[in-house]
Structure formats: C-alpha cells, structure tokens
Amino acid sequence: MAIRLEPLVVRHTHRLPLPSPTASAGKGGAADVVARQFDAALLSVGFKLSAELLERLSGLPGSAVVDIAVRTLDTVREMTGDHVRHNVYFVDFPANVPDTFDFWMRCVAGALADDDARDRTIAQLSTGVLNLLTLPSYGRYRHTYAEMLAAHDELIAAAGDRLTVLHAGGTPEDEVTALYLALAGSGTPLGEDGLRDLELLAGHCADGPRPAAIPVRENRAVVNRARLMAGAGLLVDTVTDVLRLACALSGGDATLREPTRFVTVPRADRRALLAALDGVVAAAPAKLADVSVHREAFKRLGERLHPHEYPRWPYAAEVFAVARGERKAPSFGSRVEELLGADDVAGAARLLESAPGVLLRSVDRLLRSARTPAEGDAIVAAVARVAPQVSGRVVLSVREHLHNRARDGGPRRVFVNRLGRAWVTEDTRAPVPTAARERLIAAFDAEIRRRLPAPGHLLVDPAVLDVALPLSGRATASGLGVLPRGSVSRVDGELLRFFVYWRQTEHRTDYDLSALLLDSDYSTRSWLSYTKLSGAEGEHSGDITEAPDGASEFINLRLGSVRASFVVPQVNVFAGEGFEEVAESFFGFMLRDGEQRGRPFEPRTVRMKSELRGPGRVALPLAFLRGPDGRWRAKWLHLYLKGNPAANRVEGNRVSVATLLRGIVEREQLTIRYLTGLLADAATTVTAYDGGSVPDGPVTYVGLERPEGLHPDSRVVTPENLRDLIPA
C-alpha cells in the first residue's frame with residue numbers, strides 16, 4: 001500500500017522513498033547501470049537524481065531500480081504536464097503563424113470547396129454573419145501528433161533549462177507516515193488537492209502515529225473519517241467538528257462552504273457521531289451557541305441521526321433542539337453585535353477576549369467603531385493580551401491586513417474567497433487610527449519573533465525572499481514550481497511560452513488561451529488570442545474548439561519585443577464544461593533561450609505547471625511585470641473570475657482583469673523576507689546562499705531548491721513545505 005502512495009511523497013517532498021539494501025545488491029553491477037540510465041531519462045523531463053540518491057540506488061537490486069524508475073518517471077512526467085500529447089493547430093508553431101484574417105479567409109475558401117459544407121457556408125455568408133465553428137478546417141487538428149513532432153528540431157539543451165533534483169528518502173512506509181503527519185498537522189489550511197491526498201494518507205495511517213495537534217478543522221474532519229472507519233477514537237472538541245465529519249462521511253464538503261446532502265448513516269456511525277456531540281456539549285454547554293451558525297445543516301443531519309432513539313446521549317439531543325429553535329442558545333456573534341449596537345465598543349472587545357481569534361479578525365471594525373482614544377487603547381490592549389493564544393497564521397494575516405490599511409484610501413477593495421474567486425468593489429471604510437495600527441503591528445512582530453525557533457546558522461537563498469507566506473494552502477494551486485498568491489519570482493529567458501491543456505468529460509468544451517498586454521497605467525496595449533494570432537510580441541498556436549481526447553493551446557512571447565508593462569495570461573471558457581467539470585485541465589509556462597528550438601512543449605523548459613480547478617469561467621494563474629530595471633518578474637495570482645456562461649473572450653474582460661490586477665499588484669504581502677528577518681535576530685550566523693558549497697555543520701536552509709551536501713541534521717524549507725515556517 002505504501003508503494004501506491006509513493007507518487008504523493010515525490011510530488012509533495014521531491015524525495016524518493018527507497019527500500020532497504022539487500023544482500024543480493026552490489027555496487028558497480030547492473031543496478032549501477034540502470035540507475036545512470038534512470039538519471040539520464042529524468043534529465044529529458046528536467047529532473048535528476050542527487051548524488052546521494054544515485055549512490056543509494058546503485059546499492060539496490062537492478063530489478064528494484066527498474067521498478068522505481070518506471071513509477072518515478074510516470075510521476076514526474078505528470079508533474080510537468082508531459083504525460084499527455086501536446087499537439088498544435090499550426091504544425092510548425094511558432095513559425096509561419098498566419099495573419100488572423102487571412103487564416104479565416106483560407107478556412108472559408110476551404111469550406112466553399114467542400115461539397116458538404118458549401119451550401120450552409122454560402123447561406124451564412126448571405127446573412128453577413130459566419131460561425132467559424134461550422135467551417136470544416138477550423139478548430140480541429142489537421143495533422144497527427146507524429147506529423148507535428150516531425151516538423152520540429154530536437155531541443156538544444158541550455159544552461160537555463162529547469163533542473164529539479166530528487167533527493168533520497170527513507171523507506172516507503174516511513175516517508176508516507178512522515179508526509180501524513182506533516183499534512184495532518186499543518187498549521188495552514190490545505191488546498192483541495194492537499195485534502196484529497198490527506199484523505200488517502202489518513203486511511204493508510206489511521207492505526208499509526210498521529211500528529212501532536214491538528215489545528216485546521218478541515219484536516220481534522222478528514223482524519224476523523226479515516227479514524228472512524230478504522231475503529232479508532234475521534235478527535236473533536238466542538239459541535240462543528242462533528243458536523244464536518246458527518247459531511248465528510250456523506251461525501252460532502254467538510255469545509256462547510258457548500259451544503260451537503262446527507263446520506264443514510266450506518267447505525268455504528270450514528271452512535272459515534274451522537275456520542276461525540278454528547279461529549280462536547282456535556283463538557284462545555286456554552287458550545288451549543290455554535291449550532292446556530294450552521295442551523296440548517298444540523299437540522300438536516302438530525303433527520304439522519306435520529307437522536308430521539310438514543311436517550312443515553314441527552315446532550316446530543318440538545319444540539320438538534322437548538323437547530324430546530326426549540327431551545328435558545330444565543331450565538332457568540334449575536335452578543336457581540338448587541339454590544340456594538342449599543343455603542344459599547346470596549347465591552348465588545350472584553351467579550352471577544354474569550355474568543356481570541358475572533359477578536360483579532362474583528363480588530364479593524366472595532367478600531368473604526370471606537371469613539372474615543374481611550375476606547376482605541378482598550379482594544380489595542382485586549383488584542384495584545386490575547387495574541388499569544390492565536391494561531392500564527394491568523395496573527396500574520398491580521399498583521400498583513402493592518403500593514404496594507406496604511407496604504408488604503410483608494411477607491412477599490414479586492415476580495416478573494418477561499419475558492420480563489422475574486423472581485424473588486426469600492427472601499428468605503430473609514431481609516432484605522434495610525435497610532436493604534438502601528439502599536440498592533442509592533443506587538444504582532446514581537447509575538448511572531450517570540451514563537452520562531454532559534455535557527456542556528458541561517459542559510460537563505462535570496463531568490464526565495466519575495467515569496468509570499470503561505471497563510472492558506474487555498475492560495476496556491478497544486479503543481480510544479482507553483483508559489484503562493486502574491487509571490488514574486490524572477491523570469492530569466494528570452495522566450496516565454498504559455499500552455500493550457502484540457503480534456504472534456506462529456507460535452508464539447510472549448511477553452512481559449514489568451515494573453516492581455518497592459519501599459520503602466522493598466523490600459524490595454526494589445527493581446528494575443530484566437531482573434532489575434534500574431535503580433536510584434538509573439539504568436540498564438542491556433543484555436544482548438546473541442547477536446548474529447550485532450551487539446552492544447554500555446555502562446556509564444558519574445559520578451560525583448562514586449563513594450564507593455566504587464567502581461568496577463570488567462571484561460572477563458574468559451575463553451576462547455578468549467579474548470580471543475582472537465583476530466584483534466586492545467587496551465588503552465590516555459591522559458592527558453594533565443595536560439596533554442598524544440599517541440600512546442602518541452603518538459604525540460606517548463607518552469608511552472610498548475611492545475612486549473614476553480615469556480616468561474618476565467619482563470620488568471622499569474623501575471624508578468626516589467627520592473628524599473630527592465631527585467632521581468634512573475635506575480636502569482638491563482639484567481640478566477642465569474643465571467644459569462646459562454647463566449648468569454650479576452651476583449652470582453654480586459655477592464656475587469658486590469659482593475660483586479662491593479663488591486664493585487666499594489667497590495668503588499670508578507671513574504672519570506674519578513675520571517676527570515678525575524679529569524680536572523682536569533683541566528684548565530686546568517687549567510688546568503690550563492691549556489692556554491694554549503695557549510696559543513698547543521699543549518700536552517702530556506703530557498704527555492706534544496707542544495708546537495710547539506711548536513712543531515714539541517715532543517716530545510718523549500719516551496720514544498722513553506723507552511724513549516726509559519727509558527728504554531
């Protein structure tokens with residue numbers, strides 16, 4: 001079973017689980033040859049084995065290395081997007097991409113020469129409106145994948161090609177257990193893919209070690225489901241924990257964002273859920289107040305659990321009595337609102353001290369509601385008192401919010417929900433008093449500094465400093481080379497190429513890859529899309545309008561020719577299934593030197609590949625910004641716009657995209673630079689890593705890629721486990 005979970009370990013950690021060496025293995029024999037062949041095969045997709053991993057593989061039986069190589073190559077090909085065939089409409093793209101109008105006229109001419117299409121084409125032309133989708137040569141590949149490959153030269157290797165190193169891990173069982181403990185005990189929420197992976201791991205590890213704490217409630221629901229199925233005890237301390245578990249058991253949404261249709265619950269599970277509710281309320285009757293937040297969900301759950309059949313758990317029955325309105329349990333929020341309605345801001349702050357996390361999340365409103373400096377001082381003092389009781393990610397989130405409030409005052413606010421859906425509205429808030437804001441920021445900095453462990457020798461890769469802190473896993477899509485929303489990373493290369501791949505589930509689905517080019521004032525300069533196939537900046541690979549077997553589109557940009565200040569790639573759903581409905585969809589970008597040729601898709605040049613799984617009909621994975629020095633940088637967005645039900649095009653959403661981009665670009669995120677600055681205060685030595693040799697002793701390393709040769713007792717933080725930097 002642990003072997004089947006091996007791909008999760010490789011994806012999440014870039015470590016390769018290895019069996020223990022056996023007596024039949026011998027260095028310098030067949031295993032050594034196979035290991036080197038494995039390393040060479042990995043290079044073709046931009047991966048390689050570390051020196052230690054190559055040595056350890058050489059000490060295994062040759063057959064074992066072959067099995068590991070086959071499994072790992074499948075995994076890394078999927079990580080880069082090389083597990084599918086990426087064809088293009090124009091066979092020799094990016095060469096010889098025609099003018100859009102000329103191309104359309106050629107399609108019309110072909111239809112007029114086609115006996116089956118001639119009459120309907122003439123009929124459409126007579127009305128003055130022509131549907132391109134009715135033209136036989138439009139939107140469908142006109143050549144095979146093999147014919148496309150034959151039209152392209154082999155890729156010329158370049159020093160700038162991506163090279164992701166795989167490191168040696170422990171046994172499969174040890175690596176799977178360690179990954180389970182890391183995900184289950186994460187101090188920040190996981191994304192949807194992370195939750196699915198945790199569910200698989202929890203089912204395997206239910207009877208094994210468990211994390212010291214599971215602070216994120218959604219993670220706890222996933223773990224509890226696995227523990228319930230394994231007959232282990234549940235980890236619950238609120239009635240909402242039990243509700244989340246019930247949703248997970250019904251295959252619903254444990255985050256409680258979407259309503260769950262509860263299924264018939266087996267009697268053993270009913271007893272477990274009711275016993276858990278009874279224990280929570282018996283220990284703390286005040287927690288009945290939480291029921292009203294999810295009243296309807298509890299009412300529907302009660303219809304499935306039949307609490308009246310189990311008189312031995314009377315406190316569980318009270319939960320459903322509150323949900324039905326038969327028993328009063330004023331919610332905490334209603335008591336706070338009552339005090340604020342009476343202009344008792346100080347009283348509301350005192351009450352909120354019993355819910356420290358809620359107090360911190362409410363601090364902006366409280367400070368704006370304060371009528372006197374004394375009330376403001378009381379709020380600041382209350383927040384400072386409870387800050388040590390609040391999770392690190394909440395402290396950091398509020399600290400980031402207050403920092404940006406000093407820069408507010410513009411006409412717009414940008415909102416991004418948990419699913420990545422983004423929208424913009426006017427900002428009508430009163431300012432937060434400067435003195436109170438600065439005192440709270442100083443208090444939060446001191447609190448975070450207190451919680452950070454002493455790093456010893458701190459070794460930092462400067463390339464990681466502008467990566468945003470991963471305060472939520474939902475702000476990062478799953479994939480390769482993906483960074484949290486708001487991160488900034490360098491773009492080194494002459495040719496920038498975007499790609500999108502999708503495969504429809506049932507209905508004809510047409511995704512359109514586009515790139516919007518904006519000036520420094522966010523006005524539109526130009527774009528590339530199926531309606532503008534070529535320009536001075538680059539080329540579009542051609543429109544594909546259905547994907548029963550999968551389809552790809554590309555945009556090639558010559559960065560030296562781009563005169564815009566921003567380049568915003570986007571994926572528009574023109575027709576058919578959305579991003580959450582298709583069988584598969586992902587976006588990414590490649591970087592190449594000017595003289596590199598190769599196929600339209602070359603895995604060695606892929607710098608980022610992320611899954612497209614979000615609400616809305618327009619995806620905005622990231623944007624590219626030209627800095628004052630003329631160099632390009634990527635700003636990670638991971639956003640989705642609602643868009644239209646159909647026919648979304650770059651021309652129709654350019655204003656909303658520009659408005660949203662301005663809000664994101666002008667907001668300042670807390671980054672790794674902030675946390676490493678606090679870590680440096682307690683470090684014995686601080687060194688910037690320049691890619692050369694590493695210190696002999698243990699270090700705390702923070703960077704984009706783990707260097708080889710680190711001491712085994714080193715603490716290593718890379719994008720795969722950035723969440724470990726967030727203090728508990």
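This is a predicted model: local features need pLDDT of at least 70, side-chain atom pairs count only at pLDDT 80 or more; totals for chains, interfaces and linings use all residues.
Reader: Let me begin with one residue. Where is Gln 124 found, and is it buried or exposed?

Author: Helices are DSSP runs of H or I with at least four residues, numbered from the N terminus. Gln 124 sits in helix α6, residues 118-127. Buried means under 20% relative accessible area, exposed means over 50%, and partly exposed is in between, with a 1.4 Å probe and protein chains only. Gln 124 counts as buried because its relative accessibility is 16%.

Reader: Which residues is Gln 124 in contact with?

Author: Contact means heavy atoms within 4.5 Å. Leaving aside neighbours within four places in sequence, Gln 124 is in contact with Val 129, Leu 130, Asn 131 and Thr 134.

Reader: And what does Asp 197 touch?

Author: Asp 197 belongs to helix α9, residues 192-205, and is buried, with a relative accessible area of 8%. Not counting residues up to four places away in sequence, Asp 197 touches Leu 8, Arg 11, His 12 and Leu 183.

Reader: Now a whole helix. How many residues of α11 are buried, and what covers them?

Author: Helix α11 spans residues 239-249, and ten of its eleven residues are buried. Among them are Val 239, Asp 241, Arg 244 and Cys 247. The cover for the buried residues includes α10 (217-230), α12 (267-283), α13 (295-305) and α14 (314-323). Just after α11, Gly 251 takes a positive phi of about 75°.

Reader: On to charges. How many salt bridges are there in the whole structure?

Author: Side chains of opposite charge can pair when their charged atoms come close. A salt bridge here is a side-chain nitrogen of Lys or Arg within 4 Å of a carboxyl oxygen of Asp or Glu. A search of the whole structure finds 40 salt bridges.

Reader: Where do Arg 36 and Asp 32 lie?

Author: Both are in helix α2 (residues 30-43), four residues apart, about one turn of the helix. Asp 32 is buried, at a relative accessible area of 19%.

Reader: What does the pair of Arg 439 and Asp 377 tie together?

Author: In this salt bridge the closest N and O atoms are 3.0 Å apart. Arg 439 lies in helix α21 (residues 434-451) and Asp 377 in helix α19 (residues 373-386), so the pair ties together parts that are 62 residues apart in sequence. Arg 439 is partly exposed at 42% relative accessibility, and Asp 377 is partly exposed at 39%.

Reader: How far apart are the closest N and O atoms of Arg 490 and Asp 492?

Author: They are 3.4 Å apart, in a salt bridge. Arg 490 is exposed at 60% relative accessibility, whereas Asp 492 is partly exposed, with a relative accessible area of 47%.

Reader: Which residues are linked in a network of salt bridges?

Author: Arg 217, Arg 220, Asp 237 and Asp 241 are linked in such a network. Asp 241 is also one of the buried residues of α11.

How values were computed. Residues are numbered from 1 along each chain as its sequence is written. Side-chain values use heavy atoms; hydrogens and water are left out. Helices (H or I, at least four residues) and strands (E, at least two) are DSSP runs, numbered from the N terminus.
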